[in-house]
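Please open the structure in your viewer and keep the sequence beside it.

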Amino acid sequence: MIISLKDKKALVGGASQGLGKAVAAQLAASGASVTVMARNEEKLKKVVSGLPANNGQQHSYIVVDFADFGSFKIKMEDYFSNHSVDILVNNTNGPKAGTVLEKNDADYLSAFNLLFQTVQYTTALAVKSMKEKCYGRIINLTSRTVKEPADNLALSNTIRAAVVAWGKTLSRDVGRYNITVNNILTGNFDTERLTQLFELQAASQNISLEEITKKAEADIPLQRLGRPGELANMVAFLASEQASYITGTSIPVDGGLLKSI
């Protein structure tokens, strides 16, 4: 199976590093013109300069702060006033770790804006042109923790579950326009974000980062952390014509870590 995204335009969130960066690279390698979004302009410039352009694609970037929903809305409105996309990959940085007992109403509102409002707002803007073209791919990167909540990730567990339910609902509303909507439930991937979470766990348990990492790997049936490119392959497939009859799904990419069916 050869996946070609030639002549397609993609917008990828959280793409200055980690999973988002890997997704952007794979979509570009498959032929799409990719616009990447994140806070750090220097990192975004490096990402764009390294994206494949064998089909003459035009890659670009948008500097946005997902944590500032007011300014984020303005940036998105400006972008979509002059652009349309065929592929939207919703991906944001995660909120701060912590237990339910440690978080207050302001924390939940902030996490809601970060993880949910940015996703639904960007999607609402993107869907307008997708409906006109009668084509679109919307892919939400969420987490395995929507099925099996992780300790100390109260905000992420809660709001990402809302994104999954929203994505399923959206898929039923836009299917008639040949727009698919799917959620990817990410497992433990070798990224900067996961290292930060492991460092917090190591400090709280007074053990080394290496011990935390080995324990995490031992819990995964494949006995290792995921490589970002492995998740990017799934995104490219869902973005392709080969996945045209797949919508409304939540697909774990986690090395078998989820114990639930």
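Helices (H or I, at least four residues) and strands (E, at least two) are DSSP runs, numbered from the N terminus, while axes are lines fitted to C-alpha atoms, for helices over the stretch in contact, with angles running from 0 to 180 degrees between N-to-C directions. This is a predicted model, in which local features need pLDDT of at least 70 and side-chain atom pairs count only at pLDDT 80 or more, whereas totals for chains, interfaces and linings use all residues. Residues are numbered from 1 along each chain as its sequence is written, and side-chain values use heavy atoms, with hydrogens and water left out.

**First stop: H4 and H5**

Select residues 105–133, which are helix H4, together with residues 154–174, which are helix H5; the two pack at an angle of about 20°, and their axes are 9 Å apart. H4 is therefore roughly parallel to H5, a term for angles under 35 degrees.

The side chains of Gln-117 and Gln-120 are joined by a polar contact of 3.2 Å. Leaving aside residues up to four places away in sequence, Gln-117 touches Phe-69 and Phe-112.

**Second stop: H6 and H7**

Now select residues 192–205 for helix H6 and residues 209–219 for helix H7, which pack at an angle of about 110° with their axes 8 Å apart. H6 and H7 are therefore roughly perpendicular to each other, as angles of 65 to 115 degrees are called. On the H6 side the contact is made by Thr-195, Phe-198, Glu-199, Gln-201, Ala-202 and Gln-205, which meet Leu-209, Ile-212, Thr-213 and Ala-216 in H7. These residues divide into five nonpolar, four polar and one charged.

**Last stop: a salt bridge**

Which residue forms a salt bridge with Glu-241? Select Arg-137, whose closest N and O atoms with Glu-241 are 3.8 Å apart; a salt bridge is a side-chain nitrogen of Lys or Arg within 4 Å of a carboxyl oxygen of Asp or Glu. The pair links distant parts of the chain, 104 residues apart, with Glu-241 in the loop between helix H8 (228–239) and strand E7 (250–253) and Arg-137 in strand E5 (residues 136–143). A search of the whole structure finds seven salt bridges.

Methods. Angles under 35 degrees count as roughly parallel, over 145 as roughly antiparallel, 65 to 115 as roughly perpendicular and the rest as oblique. A polar contact is a pair of N or O atoms within 3.5 Å; within protein, one must be able to donate a hydrogen and the other to accept it, and residues adjacent in sequence count only if both atoms are side-chain atoms. Contact means heavy atoms within 4.5 Å. Ala, Val, Leu, Ile, Met, Phe, Trp, Tyr, Cys and Pro count as nonpolar, Asp, Glu, Lys and Arg as charged, and the others, Gly among them, as polar.
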